[in-house]
Amino acid sequence: MSDKDNKGSMTVAEAGRKGGETVRNERGREFYETIGRKGGATVKAERGRSFYEEIGRKGGETVKAERGAKFYEEIGKKGGDRVKATRGPNFYEEIGRKGGQKVKKLIEEGKRAARAAMVAAEGGTPEGTAPAAPSAPAAPPASEPAGQGQGNE
């Protein structure tokens, strides 16, 4: 019997694992991190960010179905305890304040956009804004010499 007939006792998975270990030992873990980053950037460029959002959502649903919602509560608590231990309780106060400021800014921007949309629909100008400037500068009143108008002190 030749070697071609006897395919050996190693499976494809075992061969892949052995090859991966050899590459890791020769090139180091950083090599895999680098090629993973490059591959991720290529996929993002080809399929967009929404692809990762979709596969993340599907993966989360699968884990939830297999382990239950309680699993997420447990790992969330563990993660929160770890962050509190390494960064301290003030960290949560700081990020809460930053998040609150961000929400406040977004709400203000939303209100401003809604007012502008309403005014545009009515054909006017929003409160607190000046009407559009005339196309040509206005001449100074006859009683004032040129260049001596308001704001030119």
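Side chains of opposite charge can pair when their charged atoms come close. Across the whole structure, a search finds seven salt bridges.

Helix α1 covers residues 12-27. Its 16 residues reach 22 Å from the first C-alpha to the last, close to the 22 Å expected at 1.5 Å a residue. Just after α1 comes Gly28, whose phi is positive, at about 90°.

Helix α2 has 19 residues and reaches 27 Å between its first and last C-alpha atoms, close to the expected 27 Å. Just after α4, a positive phi of about 90° is found at Gly88.

## Packing of α2 against α3

Helix α2 spans residues 29-47 and helix α3 spans residues 49-67. The two pack at an angle of about 105°, and their axes are 6 Å apart. Angles of 65 to 115 degrees count as roughly perpendicular, so α2 is roughly perpendicular to α3.

On the α2 side, the contact is formed by Gly40, Val43, Lys44 and Arg47, which meet Arg49, Ser50, Phe51 and Tyr52 of α3. By class, this contact of α2 with α3 has three nonpolar, two polar and three charged residues.

## Packing of α3 against α4

Helix α4, residues 69-87, crosses α3 at roughly 105°, and the axes of these helices come within 6 Å. That angle makes α3 roughly perpendicular to α4.

Here Gly60, Val63, Lys64 and Arg67 of α3 meet Ala69, Phe71 and Tyr72 of α4. The contact of α3 with α4 has four nonpolar, one polar and two charged residues.

## Confidence in the model

The average pLDDT of the protein is 82, and 76% of the residues score at least 70. Over residues 143-153, pLDDT stays under 50. For that stretch, the model has four contacts beyond four places in sequence. Where pLDDT is low, the predicted coordinates should not be read in detail.

Notes
Residues are numbered from 1 along each chain as its sequence is written. This is a predicted model: local features need pLDDT of at least 70, side-chain atom pairs count only at pLDDT 80 or more; totals for chains, interfaces and linings use all residues. Side-chain values use heavy atoms; hydrogens and water are left out. Axes are lines fitted to C-alpha atoms, for helices over the stretch in contact, and angles run from 0 to 180 degrees between N-to-C directions. Helices (H or I, at least four residues) and strands (E, at least two) are DSSP runs, numbered from the N terminus. Angles under 35 degrees count as roughly parallel, over 145 as roughly antiparallel, 65 to 115 as roughly perpendicular and the rest as oblique. Contact means heavy atoms within 4.5 Å. Ala, Val, Leu, Ile, Met, Phe, Trp, Tyr, Cys and Pro count as nonpolar, Asp, Glu, Lys and Arg as charged, and the others, Gly among them, as polar. pLDDT is the predictor's confidence in each residue, from 0 to 100. A salt bridge is a side-chain nitrogen of Lys or Arg within 4 Å of a carboxyl oxygen of Asp or Glu. The expected span of a helix is 1.5 Å times one less than its number of residues.
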